Amino acid sequence: MTDPSEVLSRLLAATNDHDLDRLVDCFFEDYVNETPVHPDRGFRGNAQVRQNWERIFEFVPDLRATVLAFSVAGDEVWSEWEMRGTRPDGSLHLMRGVIIFGMAEERIVRARFYLEPAEDGGGTVDEFVSGQVGAT
C-alpha cells in the first residue's frame with residue numbers, strides 16, 4: 001500500500017484544484033462516512049461524496065483547504081483541517097476540525113468526520129460551559 005499520507009495529499013490537491021473527478025477518485029465506491037457528533041449525517045458511497053462536493057464547489061467557488069496537522073498510524077490518517085472561502089452572499093465559509101481516514105489500496109475506505117462550522121465571537125469558555133449545563 002502507498003503511504004496513507006500520499007492519499008491525503010491527493011485529496012487536498014484535488015480539493016484545492018476544485019477537481020471533482022480527482023477528489024471522488026480518492027474514495028472507494030462503498031466508502032463509509034461516520035459523523036459521531038451528528039449521527040444522521042453519516043452516509044455510505046462515493047456517489048454522496050460527489051453530490052456533497054458538487055454543491056460545495058458551486059456555493060463556495062473560492063474554497064481553499066489546509067491540512068494543519070496530520071499523523072499516520074498504520075492504515076489511518078488523523079488530520080486537522082481548515083476550509084475557508086466566500087459564499088454567494090459574501091459571507092465567510094469557515095470549517096475547522098478533525099477527520100480520521102481509514103485507507104486501503106490507495107483510497108479512502110472510511111472516515112470519522114468532526115469538521116464543523118467555526119465561529120468568532122461565540123463567548124468565553126466560562127459562558128459556553130455555563131450555557132451547556134444550564135448554569136446562570
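Let's start with a link you can find yourself: D75 and R110 join their side chains in a salt bridge, 3.8 Å from N to O (a side-chain nitrogen of Lys or Arg within 4 Å of a carboxyl oxygen of Asp or Glu). D75 sits in the loop between β3 (64–73) and β4, while R110 is in strand β6, so the pair ties together parts 35 residues apart in sequence. Strands here are DSSP runs of E, at least two residues, and helices are runs of H or I, at least four, numbered from the N terminus.

Keep in mind that this is a predicted model, where local features need pLDDT of at least 70 and side-chain atom pairs 80 or more, while totals for chains, interfaces and linings use all residues. Residues are numbered from 1 along each chain as its sequence is written, and side-chain values use heavy atoms, leaving out hydrogens and water.

R110 also forms a salt bridge with E76, with the closest N and O atoms 3.7 Å apart. That pair links strand β6 to strand β4, 34 residues apart.

Now look at E82 and R96, whose side chains meet in a salt bridge at 2.7 Å, N to O. E82 lies in strand β4 and R96 in strand β5, so this pair ties together parts 14 residues apart in sequence. E82 counts as buried, at 15% relative accessibility, but R96 is partly exposed at 37%. Buried means under 20% relative accessible area, exposed over 50%, and partly exposed in between (1.4 Å probe, protein chains only).

Strand β4 (residues 76–86) also holds W81, which is buried at 1% relative accessible area.
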